[in-house]
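We will go stop by stop, from sheets to helices to a few side chains.

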Amino acid sequence: MLTRKIKLWDINAHITCRLCSGYLIDATTVTECLHTFCRSCLVKYLEENNTCPTCRIVIHQSHPLQYIGHDRTMQDIVYKLVPGLQEAEMRKQREFYHKLGMEVPGDIKGEACSAKQHLDPRNGETKADEGSNKETAEEKQEEDNDYHRSDEQVSICLECNSSKLRGLKRKWIRCSAQATVLHLKKFIAKKLNLSSFNELDILCNEEILGKDHTLKFVVVTRWRFKKAPLLLHYRPKMDLL
């Protein structure tokens, strides 16, 4: 059976960011129109705009960052199509942390290990190293028992800034940097016995955070006091005040 070979050049338009013209890194999609960009490019753009960079549709009048989400499927496709891209990105991140004198987060180490594959010279398809199935099973078992303790950790202070909600008995917590704002909303809702986590807004520096934002993203882009614990405020949603 004959197969048609497609050149990477022919599909570049579908796997590159319209803002930086590079291959998608940390692919993030606008939920309104499904156009995808690098997360860092899109966040920087939305600091001064509220429309999609491609089609100019209004994402949200005041809080466009709440209507974008990480597109893991697209990022996996890009990494598989572009040789060496994932390894290069992991190397840049490791160099970044080493330059700051910080320990490389566990999630980056894990991604670097999972990227170690080689090509089968017979058909050019990717093939895992010998014994990788056994190693993968052991690593998965270890990861399941780890509960993300090997991830980069973030210290957080959760303060209530509304008289309509009570404060947490234990407002200081420490968790994985890969946890999202949505995780915090569910945590607070459970502690306060709220009927739904959708009743909450979480803010950093008086700016409402999107539910898909990771704590690592919040620290890097929103928190000015890097050495101090991340201070977040929670309150009822604006339409409930």
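Two strands count as paired if DSSP finds at least two bridges between them. Helices (H or I, at least four residues) and strands (E, at least two) are DSSP runs, numbered from the N terminus. This is a predicted model, in which local features need pLDDT of at least 70 and side-chain atom pairs count only at pLDDT 80 or more, while totals for chains, interfaces and linings use all residues. Residues are numbered from 1 along each chain as its sequence is written, and side-chain values use heavy atoms, with hydrogens and water left out.

**Stop 1**

Start by selecting β6, residues 153-160. Its antiparallel neighbour is β7, joined to it by 5 bridges. Show Ser-155 and you will find Arg-174 of β7 as its bridge partner; for Gln-153, the partner in β7 is Ser-176. Now look at β10: it pairs with β6 in the parallel sense, over 5 bridges, and Ile-156 has Leu-230 of β10 as its bridge partner.

Zoom out to see the whole open sheet of 5 strands, ordered β7-β6-β10-β8-β9 with mixed pairing. Its edges are β7 (172-176) and β9 (207-208); each has a single partner strand, so one side of each is left without a neighbour in the sheet.

Next, select helix α7, residues 181-192. This helix lies across β6, β7, β8 (200-204) and β10 (230-236), at about 125° to β8. Here, axes are lines fitted to C-alpha atoms, for helices over the stretch in contact (heavy atoms within 4.5 Å), and angles run from 0 to 180 degrees between N-to-C directions.

**Stop 2: the three-stranded sheet**

Which order do the strands take here? It is β2-β1-β3, an open sheet with antiparallel pairing. β2 (36-38) and β3 (68-70) stand at the edges with a single partner strand each, so one side of each lacks a neighbour in the sheet. From one strand to the next, the twist averages 35°. Select β1 (residues 27-30) to see its 3 bridges to β2, with Thr-29 opposite Thr-36. Helix α2 (residues 39-46) lies across β1, β2 and β3, at about 95° to β2.

**Stop 3: charges over rings**

Show Arg-39 and Phe-217: the charged end of Arg-39 sits over the ring, 5.1 Å from its centre. Lys-186 does likewise with Phe-197, at 5.4 Å. The criterion is NZ of Lys or CZ of Arg within 6 Å of the ring centre and within 35 degrees of the ring normal.
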